[in-house]
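User: I'd like to learn how to read a few features off a model like this one. Can we take them one at a time, general idea before the case at hand?

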Amino acid sequence: MTSSTDPGRVVVIGTGLAGTRLAQRLGPAAVLIGEEAHAPYNRVLLAEVLAGSYGADVIALPRHDGTRLRTRAVRVDRDERVVRCEDGSVVPYDTLVLATGSNPVLPPLRGLFAPGAAELPGGVHAFRTMDDCLALSRAVAPGVRAVVVGGGLLGVSAARALARRGAQVVLTQQSERLMERQLDPPSSALVRRHLTGLGVEIHTECRVRGVGVVDGRVRRVELHDGFLLDTDITVLACGVRPRTGLARAAGIDVREGIVVDDELRTSDPHIRAVGDCSQHAGHVYGLATPAVEQADALAANLLSGRPRPYTGTRALTRLTLPHEAGPLDLAAFGEAEALPGDDVVQLTDATRGTYRKVVVRGDRLVGGVLVGELGTVGALARAWEADDPLPGDGAPLLHLLTHDGGL
């Protein structure tokens, strides 16, 4: 029997941000299992490695002092409470934590997979892991033609990074604007203008229908209207999907992600889940901040022996797009689109290329989007995260929008 401050043997599957953070908090007694050959790294910064701004070693996460097994977990045996691994290892646990992350979504493009093939053809890259990033880095060179499929946060980051390396980049987006999940039309237009200034050719409301393979490599991307784009590199940035195979095979409750309660327990009381693979209160976040907060909450829970509920994360998306003429910073949080009855405060400076908008519902700040100089983002984000009533006259909010405060 373990004490109230001893969680017993904790095994964590997944060496991403959530799994590594949890293992660090738990200390040397935690066992970390991950299949990637690289030391754990901050996936958020992969675009900076691709752009050449950072070396791969710069984005390494702080080292976990305990045991790390570099192998793939292939089965969870709930009856025996062991994890069976590809290399033959059998790892017992008192508490198992699934931090398996997510997989890239591969769109059903005509010609992408030959009959019976499991591997992507030459020249096609997902952009999810360090191996993906390093393979792209080896392939890109000045003048190389690159097509990025997907204009969300990941696609915009990849297009910008490839353009900075001198590639001729075409970015295709199925919806009507870039980063439509985070940005409203005016802020998306600023991002588009910035990418265009880097030489990126952008096609919105544009669905990719298929690819053309020549000698084992994709050389053409076919758009829905039949137009063909010549390409040397094709990057699939079409979103991610929670990696739930281990949990599903073990009979654990899985919907969109692995279902967890406020203590991050799955349907098996000896198994928890954190990060991109988890689904809490109907939400699958897929972002860094919720992954860290879940890992910290679970570590405190396991070490104290007392419940510390995780109540959800009010996540902020932030991105910096460097440029020789000056970087374009953007941040988005909460609900950037107003509902009937909401109050909207919106400031635009076309000369400086800045845009600031917040949405107020009743006496609460419910969301916003900021593009340009972001000295205000920290104070605004704190006001939103606190969810406290705003002062009645609105003057402090206007002050935050029109003055650069500290981050």
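User: Let's start with disulfides: how many does the rule count here?

Analyst: The general idea is that a disulfide is a covalent bond between the sulfur atoms of two cysteines. The rule here asks for a pair of cysteine sulfur atoms within 2.5 Å, and the count comes to zero. Take C206: the nearest cysteine sulfur belongs to C238 and is 12 Å away. For C277, the nearest one is that of C85, at 16 Å. Before going on, note that this is a predicted model, where local features need pLDDT of at least 70 and side-chain atom pairs count only at pLDDT 80 or more, while totals for chains, interfaces and linings use all residues. Residues are numbered from 1 along each chain as its sequence is written, and side-chain values use heavy atoms, with hydrogens and water left out.

User: Is C277 buried or exposed?

Analyst: Buried means under 20% relative accessible area, exposed means over 50%, and partly exposed is in between, using a 1.4 Å probe and protein chains only. C277 counts as buried because its relative accessibility is 0%. C206 is buried too, at 6%.

User: Which residues touch the most other members in the largest nonpolar core?

Analyst: In soluble globular proteins, nonpolar side chains tend to be buried together. A nonpolar core is a set of buried Ala, Val, Leu, Ile, Met, Phe, Trp, Tyr and Cys residues joined through side-chain atoms within 4.5 Å. Here the largest one has 45 residues, and those touching the most other members are F127, V156, L162, L171, V191, L195 and V200. Helix 4 (residues 153-164) gives the most to this core, six residues; helices are DSSP runs of H or I with at least four residues, strands are E runs of at least two, and both are numbered from the N terminus. A second, separate core has 41 residues, including L22, A30, I33 and V254.

User: And what about E48: which side chain does it join in a polar contact?

Analyst: A polar contact is a pair of N or O atoms within 3.5 Å; within protein, one must be able to donate a hydrogen and the other to accept it, and residues adjacent in sequence count only if both atoms are side-chain atoms. The side chain of E48 has one with that of R160, at 2.7 Å. E48 sits in helix 2 (residues 46-51), and counts as buried because its relative accessibility is 15%.
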